[in-house]
Amino acid sequence: MTHHDHTESTSPDQHHTGHDGHNNHEHHTTTGAHDQHGGHTGHGGHGGGHGDHVAQFRTLFWINLIIAVPVIAFSSMFAMLVGYDIPQFTGAPWIAPVLGTVMYVIGGRPFLTGAVSEIRSRTPGMMLLIGLAITVAFLASWGASLGMLHHELEFWWELALLIVIMLLGHWVEMRSLAQTTSALDSLAALLPDEAEKVEGEHTVTVPPADLRVGDIVVIRPGASIPADGIITDGRADIDESMVTGESRPVTRNVGDAVTAGTVATDSGLRVKITATGEDTALAGIQRLVTEAQNSSSRAQRLADRAAGWLFWFAVATAAITALIWALVGQPDAAVIRAITVLVIACPHALGLAIPLVVSIATERAARGGVLIKDRLALEGMRTVDAVLFDKTGTLTKGEPTVTAVHATGDHDEAEVLALAAAAETDSEHPLAKAIVKAAADRGVSLPSATGFASSPAVGVTATVDGHQIRVGGPRLLEELGESEVAVAEQWRAHGAIILHVVRDVTVIGGLSLADEVRPESRDAVDALHKLGIEVVMITGDAEAVAETVGQQLGIDRIFAGVRPEDKASKVAALQHEGKKVAMVGDGVNDAPALAQADVGIAIGAGTDVAIASAGVILASSDPRSVLSVIELSRATYRKMKQNLWWGAGYNLVSVPLAAGILAPIGFVLPMSIGAILMSLSTIVVALNAQLLRRLDLRPEASTRAVLQH
């Protein structure tokens with residue numbers, strides 16, 4: 001692959017050399033590095049990998065479903081409720097108690113360990129409520145089976161149903177939560193597997209971990225740099241897009257610092273190591289990602305809060321029930337009513353309310369090109385009031401495009417473009433490709449070129465129609481002693497890359513190249529404004545480039561020239577203003593900022609690490625997908641709230657009735673009616689969640705809906 005330098009005539013940090021490099025590391029990136037991580041917030045005792053939990057709950061669900069059939073069929077109370085006779089044979093009365101005990105021990109274990117955890121952390125929630133209900137049902141059922149308690153307290157069928165429904169809810173939930181990438185693994189994957197260390201006259205291959213400060217390493221063209229250092233020999237275009245996220249590779253000379261994980265695109269270097277391991281910039285980014293991920297994982301779950309309130313409500317109601325029935329001289333009724341309250345209080349519907357909505361929302365989102373990795377991010381998106389876009393590759397295409405052609409003397413623009421494209425045809429450089437593409441787009445026919453050659457930091461040379469054609473940056477003009485085209489200053493004010501086209505020794509024109517703004521970006525910004533959301537842009541590019549894009553799109557606020565390590569602090573600054581911030585980005589340098597933001601949204605075309613540290617991933621690079629996420633978040637929250645009210649509402653009504661609040665007027669909720677209501681509430685919750693399937697989450701549909709509203 002031939003690379004050459006096209007340096008631009010503005011500040012050094014704008015030199016656009018090398019290539020885009022987002023895919024530069026395909027050979028390093030560990031696509032298999034999917035050791036799922038993260039705890040299950042809100043569910044005590046649920047640390048560990050989500051992947052393990054999916055398999056665990058799936059297996060437990062199927063095993064318990066099979067066992068539940070005979071438990072329910074041979075449960076005497078269930079037979080009485082439905083109206084059939086249990087077959088009589090030796091051991092028949094013990095089928096439900098024995099298999100029910102197996103279900104309690106095996107199927108109930110995750111809930112019981114979770115309940116213990118919630119007791120220890122003094123945060124009663126869903127697990128404690130479920131644990132309490134299945135334990136009460138288990139003990140009461142044994143009491144009834146052994147003839148020690150009233151036969152009405154035989155709850156084997158209820159215990160079996162409860163465990164199966166709760167395992168189903170948790171399996172659905174875990175499946176929707178399963179995380180598939182590890183940000184830290186993706187960061188580690190940027191480093192090469194080995195480094196070439198100079199020892200005397202020879203080089204030896206060593207792992208990067210064995211390098212020490214002061215060592216000299218050789219970097220081959222196309223290889224990544226194993227540790228932070230300073231160039232001692234050579235000059236190269238360093239593709240820093242993996243670490244800075246910016247599209248323009250930067251020319252680095254002797255004495256310049258280079259960062260671990262970046263790539264020397266076009267020529268070899270010798271680098272003296274200045275930092276290794278934990279001291280490198282890459283390790284610093286890793287630490288920021290870890291800290292931000294850990295701090296954002298403490299968010300409380302909605303259903304757990306509802307379950308926490310229900311727990312105290314159920315316990316208090318059961319205690320009051322037992323006390324009142326005992327005081328009116330009915331100790332048997334006191335036990336029956338109190339236990340019925342505790343069993344009925346267990347939220348079957350509540351256990352499915354959130355997981356079902358999340359599962360359907362996740363599946364709908366995936367069809368619309370939105371991948372939800374973190375449920376808390378989905379919940380949080382509805383309250384976002386500032387969206388922070390990374391510029392390169394997000395609002396723009398992250399690749400150069402010819403924006404203007406200027407011809408001098410009696411030459412015309414088509415001729416200048418044709419000659420430049422002909423000379424650049426054999427080059428692999430992104431700028432060369434942009435020039436050739438511009439010629440093709442404008443229907444310009446290219447003359448044939450011979451004798452192609454490229455010179456680092458100067459440009460390319462080729463022979464076209466018997467003339468020497470040269471295309472290059474400011475170094476080319478210096479070499480020839482020629483001056484820039486008249487419009488160069490104007491182009492530079494807009495942050496463009498400026499190249500000149502020379503025939504023989506005469507400048508015949510200039511080309512302006514810039515990172516092209518995505519056509520969809522304007523609609524995305526307009527729609528966000530319509531929703532009352534502030535749009536902010538952040539970039540490592542210079543002020544002129546950023547301002548041009550900002551004005552084109554009508555962006556409210558711009559952070560330009562932001563160093564990679566400062567992006568997260570810019571997010572934090574917005575948060576300190578009291579804003580709920582969504583960050584949209586695609587480079588590794590965005591990873592800490594994505595993790596710091598209230599909601600991190602990675603553009604799917606970006607690097608693995610950005611995807612891994614985000615809660616939401618957009619499969620396309622269409623910024624309008626952000627509107628899809630907002631619409632989905634709002635619709636999902638509405639459904640969650642409706643389901644929570646329905647699930648909890650059933651409890652709020654049925655618990656007092658089961659306690660006997662209407663006993664003075666002769667009405668006590670029978671267990672059978674309570675059970676039917678419980679099943680009905682679960683069905684209502686399930687059907688309500690299905691309504692989410694009607695959402696159209698295609699980016700253009702979501703954006704149009706907002707703009708037309």
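**Model.** I am working from a predicted model.

**Helix α4.** I looked up residues 109-120, the twelve residues of α4. At 1.5 Å a residue, I expect a span of 16 Å. I find the end C-alpha atoms 17 Å apart, which agrees.

Which residues of α4 are buried? I list P110, F111, G114, A115 and E118. They cover an arc of only 135° around the axis, so I place them on the same side of α4. I then turned to the face pointing away from that buried side. There I note the exposed residues R109, I119 and R120.

I also checked what comes after the helix. R122 follows α4, and its phi is positive, near 55°.

**The sheet.** Next I traced a sheet of six strands. I read the order as β12-β17-β16-β15-β14-β13. The sheet is open, and the pairing is antiparallel. Which strands stand at the edges? I find β12 (396-407) and β13 (449-455) there. Each has a single partner strand, so one side of each is left without a neighbour in the sheet. For the twist, I note an average of 20° from one strand to the next.

**One pair in detail.** Strand β16 covers residues 497-503, and β17 covers residues 506-517. How many bridges join them? I count seven, and the two strands run antiparallel.

Key
Residues numbered from 1 in each chain as written. Predicted model: local features only at pLDDT ≥ 70, side-chain atom pairs only at ≥ 80, totals over all residues. Heavy atoms only, no water. Helix = DSSP H or I, 4+ residues; strand = E, 2+ residues; numbered from the N terminus. Expected span 1.5 Å × (residues − 1). Buried < 20%, exposed > 50% of the residue type's maximum accessible area, 1.4 Å probe, protein only. Arc of directions from axis to C-beta. Pairing = 2+ DSSP bridges. Axes fitted to C-alpha atoms, helices over the stretch in contact; angles between N-to-C directions.
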